[in-house]
Amino acid sequence: MDQLSAMQTFRRVVDLGSFSAAASQAGLSHTALSRQVTQLERHLGTQLLARTTRRLHLTEAGALFYRHCVQILEQMQAMTLELSEHQKQPSGTLRLGVATAFGELELGRWLPEFVERYPQLQIELHCSDRFIDLLEEEIDICLRVTDHLPDSSLVARRLATSEVLLVAAPRYLERHGTPASPDDLASHPLLGYSQLLHPQRLLLANEAGEQRQILMPRRVSANSPMALRAAAIGGLGIASFDCFIVQDALADGRLVPVLADWRLAARGLYAVYPQSRYLAPKVRALLDFVQAFYTRPPWRP
């Protein structure tokens, strides 16, 4: 038995005073409506309507049920209306997770326009370089640049590719020489990201398909890409970065590419979010916006 449908039928019969009038309004037969109310009475274990040949009377239990029935159905109607409005215009709090460097360097490019487009949304940023449990920490959606996504029940949508570059400050190369081949890197200090499994090991490839695995001595390591960026600009050694982290420093000459003909494995920008049959409007809005924005990443020439 569809209890909600039966409640709607019961209310209609009481409001209109007869099964015939209720059946006519609903476009159903008198018999079908009578059967619904009878099943409802059996389900509740009590008589709701006293039927005579001329009129209907609410029993004491029926009057009590009717009051609750009206309240429940009106709440359902209000909820449906509210959800409908919510679907039209995303609102509420959107909890967005990002890596610290991405948050500092990329959000300013598109977040103001997104906030202006959806004024009823409040953004709560969670910046962290560790992989967080989205469900445990109640994050709606996370943007990550990575070459490895842990197995999980989460949905990961690839938005863009981020090239990984070897760079150094001009003054460092003036003092220590510019590597001419991957093998030359072994005599240069690496500024390493300590969160990597092997921060001193680099695997490079060129367009001809040649590969070189290089182990570089470590001078400085840090768990912050932005701290390593400052160290590289300061001339402390050679470092590898996602292109979005160093594009401005490359543009103004504070950093220059090293071994431009050799590449490190590219990484992906992903939108990661919990799997759900129905995606919340606020999550859908952000997902569609960032996907459109990064169709041509701003760090790509």
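1. Domain bounds here are taken from an automatic or database domain assignment. On that basis the protein is divided into domain 1 (3–84), domain 2 (92–159 + 268–295) and domain 3 (163–267). Between domain 1 and domain 3, the C-alpha centres are 74 Å apart.

2. On the basis of the values: the model is predicted, with local features needing pLDDT of at least 70 and side-chain atom pairs counting only at pLDDT 80 or more, while totals for chains, interfaces and linings use all residues. Residues are numbered from 1 along each chain as its sequence is written, and side-chain values use heavy atoms, with hydrogens and water left out.

3. Aromatic pairs. Rings of Phe, Tyr and Trp (for Trp, the six-membered ring) pair if their centres lie within 6.5 Å; planes under 30 degrees apart are stacked, over 60 edge-to-face, and the rest tilted. Over the whole structure the search gives eight aromatic pairs. In one of them, W110 and F289, the ring centres are 6.2 Å apart and the planes at 45°, so this pair is tilted.

4. Where do W110 and F289 lie? Helices (H or I, at least four residues) and strands (E, at least two) are DSSP runs, numbered from the N terminus. W110 belongs to helix α6 (residues 107–117) and F289 to helix α10 (residues 281–293), so the pair ties together parts that are 179 residues apart in sequence. For accessibility, buried means under 20% relative accessible area, exposed over 50%, and partly exposed in between (1.4 Å probe, protein chains only). W110 has 0% relative accessibility and is therefore buried; F289, at 8%, is buried as well.

5. Further aromatic contacts. F114 and Y118 make a tilted pair, with 5.1 Å from centre to centre and 55° between the planes. Both of these residues, F114 and Y118, are buried. One aromatic cluster is made up of F102, F244, F293 and Y294.

6. Salt bridges. The criterion is a side-chain nitrogen of Lys or Arg within 4 Å of a carboxyl oxygen of Asp or Glu. The count by this rule is eleven salt bridges. One of them joins the side chains of R117 and E113, at 3.4 Å from N to O. R117 and E113 are both in helix α6, four residues apart, or about one turn of the helix. R117 is partly exposed at 45% relative accessible area, and E113 is partly exposed at 44%.

7. The closest N and O atoms of D242 and R267 are 2.9 Å apart. D242, with 7% relative accessibility, counts as buried.

8. A salt-bridge network. R229, D248, D252 and R254 are linked in a network of salt bridges. R254 is partly exposed at 33% relative accessibility, and D248 is partly exposed at 34%.

9. Is D140 buried or exposed? At 16% relative accessibility, D140 counts as buried. D140 sits in the loop between β4 (121–127) and β5 (141–146). A polar atom of the D140 side chain lies 2.7 Å from the backbone nitrogen of R95. Contact means heavy atoms within 4.5 Å; leaving aside neighbours within four places in sequence, D140 is in contact with residues including T93, L94, R95, Y273 and K282.

Methods. A polar contact is a pair of N or O atoms within 3.5 Å; within protein, one must be able to donate a hydrogen and the other to accept it, and residues adjacent in sequence count only if both atoms are side-chain atoms.
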